Amino acid sequence: MFFPAYRSRRIRGREVFRRMVRETSLSVNDLVYPMFAAFGRCVRKEVSSMPCIYQQSVDNIVAEAQEVHELGIPAVILFGIPESKDPLGSSAFDEKGVIQETVRELKRKVPGLAVITDVCMCEYTSHGHCGVVKDGDVDNDATLELLCREALSHAAAGADMVAPSDMMDGRVQAIREALDANGFADIPIMSYAVKYASGYYGPFREAAESAPQFGDRRSYQMDPANRLEAIREAAMDVEEGADIIMVKPGLPYLDIVREVRNEFNLPVAVYNVSGEYSMVKAAAKNGWIDEERVVMETMIAFKRAGADLILTYHAKDVARILKRG
Ligand code: PBG
Ligand code: ZN
């Protein structure tokens, strides 16, 4: 490949050639849209740090889910903002809880849309940690039982898939066993297998009202400096029965997405998290970047890194852009 016999610009010079040699593609089928389910009726409150993203009651969730479905996006992932919180997060597995009611209504009104539920305790606990707190830290094994109850109640409400995001050890196995033992052997688990303790979750914690009231999540979420540990984490979840493994956040961890893709023969998802979204929105609002261009470049970067699925707050915009061509 030496100049002048080879000129790389030859194949780059015309759009039709660029199309022919493009290595990576993005489809609406790759997208999952996150939504925040709030208690009550007629609630539609924009998250101040996440323009165009709302906390919504079930009536408005259903309306937006209809739009998501019509755009061809296959799935949403739901986060709940409960009416009340307590130290054990008991509203997480309340049959009449906000997620349970929302799932039931969504499956009734928009049956063609897959509903994934985030399984974690932090939205439901008064202290905001992802499990049971004992002696100032989250107790792993005591938390597993609550996560199982939560996952089971989501499945009973009609969730199509559950997505544990707590980072407790052994939770995929515990949830898999609980689902199998209760008639939900066909419900897949998308595990947040590789989840870093990240500053990029900041806006989400406003959206889900789930910020820890003391300390941080470093005793259960991963250290951003670690790469080999990501492979160990993913390997555990694969062994325990995960059906899809996720890496989170997205853009700062594209190297990890690639490693996980190369190492495991399972679908890989990437979560383009709230802080990544807010930064793009803020810069675009200031006229500093071309939002559409940056968003599409970000999506193709995830695909190039090896992701099969992308959880993103940009999903509706991306679907519209893809449709328009
Ligand atoms: C709950 C959870 C979080 C996110 C998804 N599930 C926040 C956290 O762990 O603090 C982050 C999503 C985002 O930032 O968009 N454990
Ligand atoms: Zn959590």
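I began with ligand 1, and the space it takes is the largest cavity. For the search I used a 1 Å grid over the protein atoms alone: a cavity is a set of points where a 1.4 Å probe fits but cannot get out, and a pocket is an open set with protein on both sides within 12 Å along at least five of seven lines. Lining residues have an atom within 4 Å of a point. A molecule sits in a cavity or pocket if more than half of its atoms lie within 2 Å of its grid points.

A note on the model: it is predicted, with local features needing pLDDT of at least 70 and side-chain atom pairs counting only at pLDDT 80 or more, while totals for chains, interfaces and linings use all residues. Residues are numbered from 1 along each chain as its sequence is written, chains are lettered from A and ligands numbered from 1 in the order in which they are written, and side-chain values use heavy atoms, leaving out hydrogens and water.

**Entry 1: the shell of ligand 1**

I found 19 residues around ligand 1, with Lys195, Arg205, Lys248, Ser274 and Tyr313 the closest; "near" asks for a heavy atom within 4 Å. By class I get 11 nonpolar, three polar and five charged residues in this shell. Here Ala, Val, Leu, Ile, Met, Phe, Trp, Tyr, Cys and Pro count as nonpolar, Asp, Glu, Lys and Arg as charged, and the others, Gly among them, as polar.

Next I looked up polar contacts (N or O pairs within 3.5 Å). Lys248 has a polar side-chain atom 3.3 Å from a nitrogen atom of ligand 1. The protein covers 100% of the 400 Å² of accessible area that the ligand has on its own (Shrake-Rupley, 1.4 Å probe). Strand 9 (190–195) and helix 6 (202–207) are the elements giving two or more residues to the shell; helices (H or I, at least four residues) and strands (E, at least two) are DSSP runs numbered from the N terminus.

**Entry 2: the cavity itself**

How many cavities of 30 Å³ or more are there? I count one. The largest cavity holds about 160 Å³, a volume being the space filled by probe spheres set on grid points joined across faces, edges and corners. Its lining has 20 residues, and Cys122, Lys195, Tyr201, Phe204 and Lys248 lie nearest the centre.

The largest pocket has about 520 Å³ of space. Of its 14 lining residues, Arg22, Thr24, Ser25, Leu26 and Ile300 lie nearest the centre. Helix 1 (15–21), helix 10 (291–305) and helix 11 (315–324) each supply at least two residues of that lining, which is made up of five nonpolar, three polar and six charged residues.

The second largest pocket comes to about 160 Å³. Helix 3 (98–109) gives the most to its lining, with five residues.

Most residues other than glycine have a negative phi, and most peptide bonds are trans. I noted a cis bond between Lys248 and Pro249, omega about -10°, with Pro249 in the loop between strand 10 (244–248) and helix 8 (254–263). Phe3 and Pro4 are also joined by a cis bond, omega about 10°. Cys42 has a positive phi, near 55°, and is found in the loop between strand 1 (31–38) and strand 2 (44–47).

Terms used
A polar contact is a pair of N or O atoms within 3.5 Å; within protein, one must be able to donate a hydrogen and the other to accept it, and residues adjacent in sequence count only if both atoms are side-chain atoms.
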